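I opened this notebook to record which charged side chains pair with one another. The structure is shown first, and my entries come after it.

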Amino acid sequence: MSSKIRNCVNELNRQQDVKTLLPEYVEQSMRLHDSYARIKMMMEYYIFYEVISEGINPYIETAQETIDALNQVIGQVYSMEYTEEQGKIWRDALLSMRQEVMDRMQVLTGYVDCFVVYEYILNRIQYRFEEREILPEDTAFAQEVMSFIFGSQDNVTINDNLRLVVGQLPMRMTRRHYFDLIRECISVYKGSDISSLEGFLYMFRTSAMLYRDAGQEKYFTEFAKVLEELAEVDFETMDQKMYDIYAEKIRINASKLNDLSDLYMQIGALINETYTVVVAAPYIGEEEPMTQADQVIQGIQALFTEQDSPVWTQAEEALDTEEERLAWLGEKLTFAEGKQEKLYDSINVAEAALEEIVHAHKTEIEELGKQEDFVLLHQVSMLNSNSVFAPLEEQTEEAQVTAEMAEAETEKLIGELKELFQGQSRMLRRAIMAGTIEKLPTFFSSAQEVADYIINSLNQCDDEAEKYASKQLILDLIR
């Protein structure tokens, strides 16, 4: 761990020489983020080149324009002298790319949620046509599931286990009870930030096939056609021939969506890392020597663009072919060993203090003219989070959810669900209910209620294929 950032944070906490330490805190934080981003980018860019050059992902062409634009910016960042004007051009270009990738990922996520619903239905049909083994009878099964759910002392783990099971059990809840649970859930958001409620509603609508993204008219329209076809299928009377056709169709399209999502996640991560390097550039001295991470990044960029690069002259022997150059770069990946962990620990120290420093020293930051520096530091901090597509905007005080607002959103959502359920098969309704009920906060007040719910859902299921599938899926998850 960097002692510089730790000492800086400690001194700021003690209100020591604040105006001197605030710029120091920014510089040390930016340097840490820069080093961490370069190491991550070295490894991810190398892997990305292998994916592209070997055609591992069959959907590269859908993102070729973005890939080319990103490679161009990376080449400029690592070869041109940084200026404030040029830095802004790069940041704007990268943010534009990032937004486009996010738009596409949002469309893909919407499609994935729709296919999950139909996959749920087919899973319940599967054992109409396949041989069934002997599974525990209902009471023994319920006891095993209860042991799994409450096998931890941690409430978060218990709730996660509970949602996992509830989402796979036969859905035999009345629509009235289902709507009442939604009302209770949304009422919990009274007094909380509006963004929290909006996040829940977005998640719920995507899981319920209610969400419609404008990008669906523009991106990946082939999936919309498949979903239109699935909407016309009569699952209640489906025979094995039709089951096999649609099970394969869903498998193929789910695989496509997975490949596309992987591709855009990789691109998103590289954009984030390049953006971090650009933002941190003013804080990095020109005397800094080129690291092995930089060599790999520049070498991969040269391979992507099929251009010669001075990086090849640093090898001890001639590198004439793509294979030789890639192998030489691959040898340098060991540079990352042990460094990522140390940098990550230091970054955590810096990030843990960021919000408090901004809040406690707002006046001094303004007097020093460092507002923009802290905005950018917040951005790179978000880019370092677990979410590749985390929002970069700083959170500000926002309005709270009122009782009237919660009631209005509740009635709107329930109205949409009623309209969606109208005329739909019970299998589709149950699939949507099962997929969304696990998104709700736990609605059980005791372990006995959980046990009763499990037993009742099994006892009320008179479709042996569905019951078997539910048990099998749950046992696969908990054993």
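The entries below concern salt bridges in this predicted model.

**Entry 1: the count.** I recalled that side chains of opposite charge can pair when their charged atoms come close. I looked up the total and found 21 salt bridges.

**Entry 2: a pair between distant parts of the chain.** I then turned to Arg325, whose side chain meets that of Asp308 in a salt bridge of 3.9 Å, N to O. This pair links distant parts of the chain, 17 residues apart: Arg325 lies in helix α12 (residues 322–331), and Asp308 lies in the loop between α11 (292–305) and α12. I noted that Arg325 is buried, because its relative accessible area is 18% and buried means under 20%. Asp308, in contrast, is exposed, with a relative accessible area of 66%.

Entry 3: I found a salt bridge between Asp373 and Lys370, with the closest N and O atoms 3.8 Å apart. Asp373 is buried at 12% relative accessible area, whereas Lys370 counts as partly exposed at 22% relative accessibility. Finally, I recorded one network, in which salt bridges that share partners join Asp34, Arg38 and Asp294.

Conventions
Residues numbered from 1 in each chain as written. Predicted model: local features only at pLDDT ≥ 70, side-chain atom pairs only at ≥ 80, totals over all residues. Heavy atoms only, no water. Salt bridge = Lys/Arg side-chain N within 4 Å of Asp/Glu carboxyl O. Helix = DSSP H or I, 4+ residues; strand = E, 2+ residues; numbered from the N terminus. Buried < 20%, exposed > 50% of the residue type's maximum accessible area, 1.4 Å probe, protein only.
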